[in-house]
Amino acid sequence: MNKTDLLLDVRNLKMHFPVKSGFLSKEKNYIYAVDGVDFSIKRGETLGLVGESGCGKSTTARAISQLYKPTGGEVFLKGKDLMKASASELMEARKNMQMVFQDPYASLNPRMTSGDIIAEPIRIFQKRGLVNMGKDATNERVEQLMERVGLSRFFKNRYPHEFSGGQRQRIGIARALALQPELILCDEPVSALDVSIQSQILNLFKDLQQEFGLTYLFIAHDLAVIKYISDRVAVMYLGLIVEISGAKDLYKNPKHPYTQALLSAAPIPDPKVEAQRRRIILTGDVPSPDKQRPGCYFYDRCSKRMDVCKVQRPKLKETEDGHQVACFLYHKPE
Amino acid sequence: MTNEVILQVKDLRTYFTVDEGLVKAVDGVSFDLHKGETLGIVGESGSGKSVTNLSIINLIPMPPGKIAGGQVLFHGKDLLTLPQAEIRQIRGNKISMIFQDPMTSLNPFLKVSTQMIETIVLHQKLDKDAAKQKAIEMLKLAGIPAPEKRIDQYPHQFSGGMRQRVMIAMSLSCNPEILIADEPTSALDVTIQAQILEIMQELTKRLGTAVILITHSLGVVAGMCDTLCVMYAGRIVERGPTDVIFENPKHPYTQGLIRSVPRLDMENSQRLYSIQGQPPNVIDLPDCCPFYPRCEKAMDICKKKYPTTANFEQGRAVSCWLYSGAKDE
């Protein structure tokens, strides 16, 4: 792969959150939310990140954008390591990297009009001299953006509560586009929406990507959504990536036992197909990420576990057909 | 599933008075529930799914709510006009419920045992020890490991999936005839959802319980339900056997809904279909078809009058002028 094609390169990213322990105890406890994640995204590509609640998807996105200061690892955006970047360098990098959040109710300031919300990134960067855009130009840009995401420009003086959930998500998307970024980190942008609105927003994401050549890190827990939007998919479990492959390939030929279980558990909206499906029902719940385990993190729930899985953690390695899998079924323990 | 109808909802209307006007949350909903049947109600947020079911068990807060009309017949008795004391005998006993959020529907201050025993003692005339045995047995059936130990724990000591199992165990502990499950798995992850749905399906089949399953997920409906009601803006727009509806949806809304869900099992290289526009604001809805602004097949009459219901074979019913226009005009 040509190095310049890589827009985002994440290496061994770790995000551990300290938790309070007893007031005399010296031992410090951590939640290992993200515990060594490697992946990269090419320019113009969509990488889907899928997994269950608490597996570290959102934390990964926030650690990449440096909203959390990661515990360890490297995050290269266009070749620049964001972990080592100074405040002003980081500011510059953020122009290229914006986020869309899950909850369109909580992520828009209720006391700002939609026009102000969309213009805010431009105004902030204008103040610091990173963008050169006058008042009229900003205004015009806001109106253009609103029309582009499917909102009438006459709505720009309205407040968030006057919009429906889908419309609010459009405001969030317009805000993310305001600085013409190359990378957008989408953290469950459609999970709070109804089915008919969800497909509108998904199509909007696709159209915008083609029009502006955007690159997405797209987080969702709905496998069908991820399949529709992504070129490649990374499956996370308990703070680790267990499998990465091309979207079509992953769904046709899932390798990791967790991916297989996840795919078979997802309901398919067709009674005929449902009647013939055989589910792999996983036993137990996702364990808490409050300790680092020596073995495979999926060991307790895996139907194909072997003795070695308990004592050694499999690394993410490429198999012959281009999948990256972290499982000893596909490569020998060291 | 037999032909014996155990619950009949006839032209149910539940309205709410709010500052902005009158919200017709449920406006003329009718369906029959047969013994042992699993009936799915799908629709988007605000379509009236939950209000329908809260009305059935008479849990609508009044005011601002008001039952403006209709009947809910359970063994010939109208639940809407029954005195409180009598409906309490039915609620949680003959008809029980599972709600979406298992954390808020369990009392965090009481042990699981206390909450389960309370229900059983109240409805089944058992003494406390026998009730506890029954509770443990139900928890075991719901797939909770070491139920003898777990029963004396508090709700916060259970995970989300486990709490929902407790809810299932609790709701089935009095052998209800009807179980109303309001989005029972929406707050859960897919792997946990699969576990819970399996448990629910297995237990209700074994006990012969009829289920009303409310959900927004077409996937869940496809796997679980015998019959299906599709709701839009407070009314049922299409009703019939699940497999027939999925194979040949008649109402434009149902058609759009099925086409706009991305599919796991298909190559979706082409663009996803989407229904244009926004769901309607249900405050002071005019008496037209509420779907017409978003409908690709809208006609003039759709703007003037709500369509009458056209009946088809296999108990299908569709409310759309495409099918009922010819007969009436």
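**Sheet, helix pair and chain contact in a predicted model**

In chain B, four strands form an open sheet in the order β2-β1-β4-β5, with antiparallel pairing (strands are DSSP runs of E of at least two residues, helices runs of H or I of at least four, both numbered from the N terminus; two strands pair if DSSP finds at least two bridges between them). The edge strands, each pairing on one side only, are β2 (21–34) and β5 (77–78) of chain B. Strand β1 (residues 5–18) of chain B pairs with β2(B) in the antiparallel sense over 11 bridges. Within β2(B), D32(B) is the bridge partner of Q8(B).

The model is predicted: local features need pLDDT of at least 70 and side-chain atom pairs count only at pLDDT 80 or more, whereas totals for chains, interfaces and linings use all residues. Residues are numbered from 1 along each chain as its sequence is written, and chains are lettered from A and ligands numbered from 1 in the order in which they are written.

Also in chain B, the axes of helix α7 (residues 160–172) and helix α8 (residues 190–207) come within 10 Å and cross at roughly 10 degrees (axes are lines fitted to C-alpha atoms, for helices over the stretch in contact, and angles run from 0 to 180 degrees between N-to-C directions). The two helices, α7(B) and α8(B), are therefore roughly parallel to each other (angles under 35 degrees).

Between the chains, 35 residues of chain A are in contact with 39 residues of chain B (C-beta atoms, placed from the backbone, within 7 Å). On the side of chain A that touches chain B, α6(A) gives the most, with 6 residues.

Terms used. Parallel < 35°, antiparallel > 145°, perpendicular 65-115°, else oblique. Contact = placed C-beta atoms within 7 Å.
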